[in-house]
Amino acid sequence: MGWMTRAAALVAAGALCACGGGGVGGGEGGGGATYSVATTSVSFASGQNGATPAPQVVVVTVHSGTVYVEVTQSGGFFSAVFDITGPTTGTVTITPSPPATPGVFNGTVTVRGCASPSCSSGDVAGSPKTINVTYTITGTPTASVTPTLVTFQGGAPAPQIITLSSSGGSSPWVSQIDSLSGTAGWLSATPSFGASLPQPVSLNVTASPVGNNTAVVTFTVGGSTTQVFVSYNVPTPRVNFVAPYVANSADAGSVIIRGHGFLGLAPATTSVSFGGTPATSVAIDSDTQIRADYPALAAGNYAVTVGDGTLTLASRPEARLVVVAATAYAYQAIPRIGPLPSHPVNLVYDAERRRVYLHDRDRNRLECFAYGVAWTAAGSLISAGGGGNTSIAMSPDGTVILGSGAGVLTHVNPATCAQSGAESPKPPGPLQNAQFGHLAFANDGRAVGNATAASGVSLYTYDMLGAAFVPLSSQFDMVNRLVSAPDNGSRILLPDFTPSVTPTAVFAYAASTGTLAATGASTSGARIVSFSRNGARVLMASFLQTSLESTTVYDASLTPLGTLPVGVLSAVVSPDGAYAYALIGNEIRKYDLNILSGGGFDEVLPRATVTDVAGTIVEMTISPDGGTLFLAGNQNLIVMPAP
């Protein structure tokens, strides 16, 4: 909305009089009156919250006749005032407002020359005249750095280059390195300060202290800061994990051994033994991974030893193969731990201890069930920090159950269903106060989980051995992913659970390289992911009871092999990948994944009926020997022989 100033008129051969008031000299303006303004545009510029620019003055001059002047304004962030300065001159003073809000603001000052004191009888020739006003307020420069996550690997790693820039263009900057974990002083930045931007900065490893070393580099540009999170793990040569760590008695099998220092062994004489029993084959994949086959073994615990005849690597005591005899459980429905009903997720069968664990997301509660002569409830634990898609996952050595929450991961002893020592340390920098959601373990002892964090980090890893968090991705949709892994922990799949007509790529975290990448598969509305023990068969189900419902079985490369019928409430793949079991209605149906008919798999009869079902069953898992199914609903845990 404009406003006006009425002042005395300017007269070239008379006087300047006000519109609507008396002036110096009198008489009516008339034909032949002319006037001018010294400029038709003015501009102001300042930084946000900086100094207010000085006013600008535009001279108004009458060249002939009598001119009455009326000044009006449109636009904001400035004001205009008209004053008489002489018989034939006046000034329009344009004053900008303090520069509080960034942006470019435009307005006009209209200088109308009238033929009458009230400006009611028309304008003189050339009226009105317009002065355009532009006010540019530059926002506080915002610093940014690319990339925001840097990971160093191996001995004497090469420097990594990041790029520092600012929305304010070239600006002086400084940096500061703060150690978050491990030994301080292992990282440097070159240059560490500068006078202009953009600027490439080299991050350099200056020392290699053993352990998980993390740091944050903070760059300050004016009043803005930006950070890059840096991690460097320097491991001790040893055997850390064997996956899967549970084996079936009387059955030969394969494991993946994870640790460090494997390339330091002589390839020709490298050997692996299980409690003194030699592996039937050994393959060194990298400095951190060995694949080995074992013969049929009797039930018991077998320490895993890796060496080359000259050198024997150290081993964690937990790096073992636990061989168990198959157990034939009778059908049993066990009431869930109250209050009920509740929504169960992450159903886990512990074959070593003959226990079952499930997570009650409604109450952020871990429920435990144990087998003696029958299945009974064995206790529960309320984890810290509820809310969101909280979940549980068992470590690849079976020693810890990890529970996610708000800003913390809870460590639980599976043997006692009680908290094991302290919770995880508070996450550093980009993960401070994050809400943690779905998670699963890779075979190197790193859990991968999604997070909602103010920094934008949406996916992280947590190393159970070093108790170290490392951001993995800031891709916004990673927070909306299921996170699931096969028993051998070779990779973690992350399909999008957001219901959408347009499928999105399924991502995979490769345990052997610690990298995250999109796969060739895509899905949306994901609700079930199940694997064979070695990950060679994968089942993923999307939606339910809609036109978009699908339950598809894939091979190891995620090439679709075939589908199951609609109506699948829950499903699992058998440990050997030969069959899929699906709950449809109140029946367990079995499908042969090696026989296709018209795009679907052949059903193997008879079906098994699930009784004592109270409420919807939403979770199902299977024992490593393939003989028992476990189903959890919002009322009961059901144990039953697999058909």
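Two strands count as paired if DSSP finds at least two bridges between them, and strands (E, at least two residues), like helices (H or I, at least four), are DSSP runs numbered from the N terminus. Strand E19 (residues 211-221) and strand E20 (residues 224-234) pair in this way, antiparallel and over eleven bridges. Val221 stands opposite Ser224 in E20. This is a predicted model, in which local features need pLDDT of at least 70 and side-chain atom pairs count only at pLDDT 80 or more, while totals for chains, interfaces and linings use all residues. Residues are numbered from 1 along each chain as its sequence is written, and side-chain values use heavy atoms, with hydrogens and water left out.

E19 and E20 belong to an open sheet of five strands with mixed pairing, in the order E13-E20-E19-E15-E17. Its edges are strand E13 (149-152) and strand E17 (193-194), each of which pairs on one side only. In the loop between strand E16 (187-190) and E17 lies Pro191. The peptide bond that leads from Thr190 to Pro191 is cis, with omega near -5°. A cis peptide bond also joins Ser127 and Pro128, with omega about 0°; Pro128 is in the loop between E10 and E11.

A nonpolar core is a set of buried Ala, Val, Leu, Ile, Met, Phe, Trp, Tyr and Cys residues joined through side-chain atoms within 4.5 Å; buried means under 20% relative accessible area, exposed over 50%, and partly exposed in between, with a 1.4 Å probe and protein chains only. The largest such core has 25 residues, of which Val92, Ile94, Val109 and Val111 touch the most other members. Two or more residues each come from strand E4 (34-37), strand E5 (41-47), strand E6 (56-64), strand E7 (66-74), strand E8 (78-84), strand E9 (89-96), strand E10 (103-114) and strand E11 (129-138). E11 gives the largest share, four residues. Apart from this core lies another, of 22 residues, among them Val150, Ala189, Leu197 and Val201.

E4 and E6 run antiparallel and are joined by four bridges, with Val62 in E6 as the bridge partner of Tyr35. E6 also pairs with E9 in the antiparallel sense, over six bridges, and here Val58 stands opposite Val92. Val109 is in contact (heavy atoms within 4.5 Å) with residues that include Val71, Phe78, Val92, Ile94, Ile131 and Val133, not counting residues up to four places away in sequence. In the loop between E7 and E8 is Phe77, which has a positive phi of about 70° although it is not a glycine. Phe77 counts as partly exposed because its relative accessibility is 32%.

Another positive phi, near 70°, is found at Ala250, in the loop between E22 and strand E23 (253-260). Ala250 is exposed, as its relative accessible area is 61%. Tyr245 counts as buried, because its relative accessibility is 7%. Leaving aside neighbours within four places in sequence, the contacts of Tyr245 include Arg320, Leu321, Val322, Asp350 and Pro396.

Leu459 has Ser473 in E43 as its bridge partner. Four residues lie between the strands of this hairpin, in which Ala467 takes a positive phi near 50°. Five of the six residues of strand E43 (residues 468-473) are buried, so the strand is largely enclosed by the rest of the structure. In the loop between E43 and strand E44 (491-494) lies Ser484, which is buried because its relative accessible area is 17%. Apart from residues up to four places away in sequence, Ser484 touches Ala440, Arg491, Ile492, Leu493, Val529 and Phe531.
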